[in-house]
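Subject: Structure handover and notes

Hello,

Here is the structure for your files. My notes on it follow directly below.

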Amino acid sequence: MQSDRRMRYLISFLILGIGMVMLLIFNICIGSVRISFGEILRSLGGTDITNERIIWDIRFPRAVAAMILGGALSLSGYLLQTFFRNPIAGPFVLGISSGAKMVVAIVMIFLMGRAIRVNSLTLIAAAFVGSMISMGFVLVIAGRVDKMSTLIVSGIMIGYICSAVTEILITFAGDAEIVNLHNWSRGSFSGISWDNIPVMSVVVLLAFIMTVMIAKQLEAYTLGDSYAMNLGVNLKGLRALMVILTGILSASVVAFAGPVSFVGIAVPHLVKAMMKSAKPIIMIPASFLGGGISCLLCDLIARTLIAPTELSISSVTAVFGAPVVLWVMINRNRKRMS
Amino acid sequence: MAYFITTEKMSVGYDGHPLIENIDIALEKGEILTLIGPNGAGKSTILKSIAGQLKLIDGRVIIDGKDKENISRDEMARTMAVVWTDRIMTELMTCEEVVTTGRYPYTGRFGIPDKADREAVREAMELTHVTEIGDAYFDKLSDGQKQRVMLARAICQEPDIIILDEPTSYLDIRYKLEFLSCLQELKRKKDLTVIMSLHELELAGKISDKILCIKDGYVDRCGSPEEIFTKGYIGELFGISEENFLWYL
C-alpha cells in the first residue's frame with residue numbers, strides 16, 4: 001500500500017512536470033504569430049531569426065510569469081485553506097487580492113503622477129501592505145464568527161469594497177498612462193517583461209522554501225489546535241508565519257498580474273484529488289506545479305480565444321475554477337449528510 | 001517514592017473565572033488516576049488545564065520535579081500525550097498517517113518517519129488492534145475505531161504521561177475490556193502514568209489506582225477505589241438514589 005502511494009505521488013509529479021514544460025512551449029509557440037518549436041530551439045541557439053523579439057521579449061517572460069505567479073497563487077490558496085481549515089478559502093474570495101490591488105493602485109497613481117518609475121519591489125511591497133490590511137479584517141471577523149460561510153461572505157464584501165475604491169481611483173485618475181491600470185486591475189499577464197522576472201522569482205522562491213520548511217508543522221496543525229499544541233507546535237508563531245507567507249505570495253501575483261480569481265481556491269483541491277493525499281509535504285510542491293499549469297493554460301486561452309483581443313485572465317480561470325469550487329461544496333455536503 | 005506529577009493548589013476555569021479550585025493531585029510513575037463526576041462537573045476542564053490547553057487560573061503543575069511552565073514545548077511533547085473527545089478533520093489521511101503524527105516530536109525537519117518511527121507506529125497500532133485498518137481513510141471509520149486510532153497515536157508519542165478524555169465512550173464491551181488490558185500493559189511495560197475521565201464507574205473501579213470525584217465545582221473526594229466506592233457515596237455524587245443503579249455496578 002505504501003509503495004502504491006509512493007508510485008501515485010511519483011506518477012502525479014511526473015505528469016505535472018511534463019504538463020508544465022509542454023504548456024510552457026505551447027505558450028511560446030501559439031499566438032497571432034505562430035512559431036514552430038524548431039524556431040524556438042534555433043533562437044535559443046543564438047541563430048538570428050525573424051520572430052526572436054516575439055519569443056524573447058513578449059511570450060517567454062509572459063509564460064514564465066504565468067508559471068511562477070500561478071504557482072504562488074495556488075500555494076497561497078492552499079495556505080489559507082489550511083489556516084482557516086476551510087476548503088473554500090482563497091486569496092480572491094477572502095478579499096486579500098482586492099486589498100492588494102487597492103494599495104498597488106494608490107501607489108501607482110501617486111508615483112506615476114509624479115513621473116517616478118515604479119519598480120517591481122515597490123509594487124510587491126505595496127501589494128503586501130494591501131493584502132495584510134484585508135487579511136487583518138478577515139482575521140478580526142474570523143475571531144468573532146465561527147461559521148465558514150460568514151467568513152467567506154465577509155471576505156467577498158471586503159473584496160467588493162476594495163475593488164470599488166480601486167475603480168473610483170482609476171476612473172478619476174484619467175491620465176493616459178493610468179488608463180492602462182484598468183487592464184491590470186482586471187487581471188492580466190500581459191506586459192510583463194524580463195525586468196520583472198528576477199524579483200518575482202526570488203520573492204516567490206523564498207516564500208516557497210519557507211512554506212516547505214513549515215510542512216511538518218502544517219501537518220500537525222491540520223489535526224486541530226489542541227493536538228498541534230500537544231505535539232509542541234508554536235501555534236501563534238506558525239499562524240503568524242502562515243499569514244505572512246500567504247500575504248507575500250498573493251501580493252507577488254497582484255503586483256504583476258492583478259487579481260486572478262479561482263486558481264488559489266480550486267487548484268489545491270484538484271491536486272489533492274490527483275495525489276489522493278493531503279500531506280503538506282506533497283501538497284506544497286504539487287499545488288505550486290498545478291497552479292503554474294493552470295495559469296499557463298488559462299493565459300493561453302485568454303490570449304488566443306478571440307485574438308487579437310485578449311480576455312482578462314480571471315474570466316478564463318473562473319470558467320474552469322468555479323465548477324471545481326461547486327464540486328467541492330456539493331461533495332462536502334454529501335459527506336456530511338451520509 | 002517521589003511523586004512524578006503533582007498539582008499544587010491548581011484552580012481551573014475559563015477566561016480568568018475559576019470553575020474548580022484547589023485541586024491537589026499527586027501521582028507516582030505508573031499510576032492511573034480517573035476523574036469521575038456528573039456531566040459538566042469540569043472533568044475535561046481539569047484535563048485540559050493539566051495538558052496546558054487551558055491556562056491555569058492559579059497554582060502549579062509539577063512534572064518530575066519541574067514546574068510545567070519551565071518545561072520546553074519539545075520536552076513536553078515527549079512527556080505528555082493526549083486523546084480528546086473532539087473530532088479531528090483529516091481529509092484523505094489514512095489511519096496509519098494519523099497514528100504517525102504522534103511521532104512528530106521525534107522526526108526531523110520535514111517530518112519524514114524513519115525506521116524506528118515506523119516501528120513505534122506499528123507497535124502502537126498492534127496494541128490498540130488497528131493494524132488491519134491502517135490503510136483505511138480515518139474519516140471513513142466508526143467512532144470506536146477512531147478512538148482506538150487516536151489512542152495508538154498517543155501511545156506512539158512515547159510519553160510518560162497520557163491524558164485521556166472519556167476514552168471509552170464509543171467502544172463496545174469487547175473493546176472496553178481490551179482498552180483496560182491495553183492500559184494495564186502500558187503501565188506494566190512502560191511505567192506509563194495515566195490521567196483520564198471515565199463515565200463507566202465499574203471500569204474506573206477496576207483499573208484505577210486513584211479516583212478523583214468532582215462535584216459542583218470542587219473536588220469532593222480523592223482516594224483509592226475502595227475508599228471511593230463506599231455505600232451511598234456514588235448516589236450522592238451523581239444525585240441519584242442507590243437502588244436505581246445498584247444493578248449497574
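A residue is called buried if 20 or more other C-beta atoms lie within 10 Å of its own, exposed if 12 or fewer, and partly exposed in between, with C-beta atoms placed from the backbone. Helices (H or I, at least four residues) and strands (E, at least two) are DSSP runs numbered from the N terminus. The model is predicted: local features need pLDDT of at least 70 and side-chain atom pairs count only at pLDDT 80 or more, while totals for chains, interfaces and linings use all residues. Residues are numbered from 1 along each chain as its sequence is written, and chains are lettered from A and ligands numbered from 1 in the order in which they are written.

Strands of chain B

In strand S9 (residues 210-215) of chain B, five of the six residues are buried, so the strand is largely enclosed by the rest of the structure. Two strands pair if DSSP finds at least two bridges between them. S9(B) pairs with strand S3 (residues 32-36) of chain B in the parallel sense, over four bridges, and B:Thr34 stands opposite B:Ile211. With strand S10 (residues 218-223) of chain B, S9(B) pairs in the antiparallel sense over five bridges; here B:Ile211 stands opposite B:Gly223. The hairpin of S9(B) and S10(B) has two residues between the strands, and B:Asp216 takes a positive phi near 40° in it.

Chain B also has an open sheet of four strands in the order S2-S1-S4-S5, with antiparallel pairing. Its edge strands, each pairing on one side only, are S2 (17-27) and S5 (66-67). Strand S1 (residues 5-14) and strand S4 (residues 58-63) of chain B are joined by five bridges, and B:Ile5 has B:Ile63 as its bridge partner in S4(B). Helix H1 (residues 43-51) of chain B lies across S1, S2 and S4 of chain B and runs at about 120° to S1(B). For such angles, axes are lines fitted to C-alpha atoms, for helices over the stretch in contact, and angles run from 0 to 180 degrees between N-to-C directions.

Helices of chain A

Helix H1 (residues 2-29) and helix H3 of chain A pack at about 145° with their axes 9 Å apart. The contact (C-beta atoms, placed from the backbone, within 7 Å) involves A:Met20, A:Leu24, A:Asn27 and A:Ile28 of H1(A), and A:Ile55, A:Arg59, A:Phe60, A:Ala63 and A:Met67 of H3(A).

Eleven of the 13 residues of H13(A) are buried, so this helix is largely enclosed by the rest of the structure. Among the buried ones are A:Pro268, A:His269 and A:Lys272. A:Lys276 follows H13(A) and has a positive phi, near 55°.

Core and interface

A nonpolar core is a set of buried Ala, Val, Leu, Ile, Met, Phe, Trp, Tyr and Cys residues joined through C-beta atoms within 7 Å. The largest one has 163 residues, and those with the most contacts inside it are A:Ala65, A:Leu69, A:Val104, A:Ala127, B:Ala152 and B:Ile163. Helix H3 (residues 52-84) of chain A gives the most to this core, with 15 residues. Neighbours within four places in sequence aside, B:Ile163 is in contact with residues including B:Leu47, B:Met80 and B:Ile195.

The contact between the chains takes 23 residues from chain B and 21 residues from chain A. On the chain B side, helix H2 (73-79) and strand S6 (80-83) are the elements that give two or more residues; H2(B) gives the most, with four.

Regards

Definitions and conventions:
Contact = placed C-beta atoms within 7 Å.
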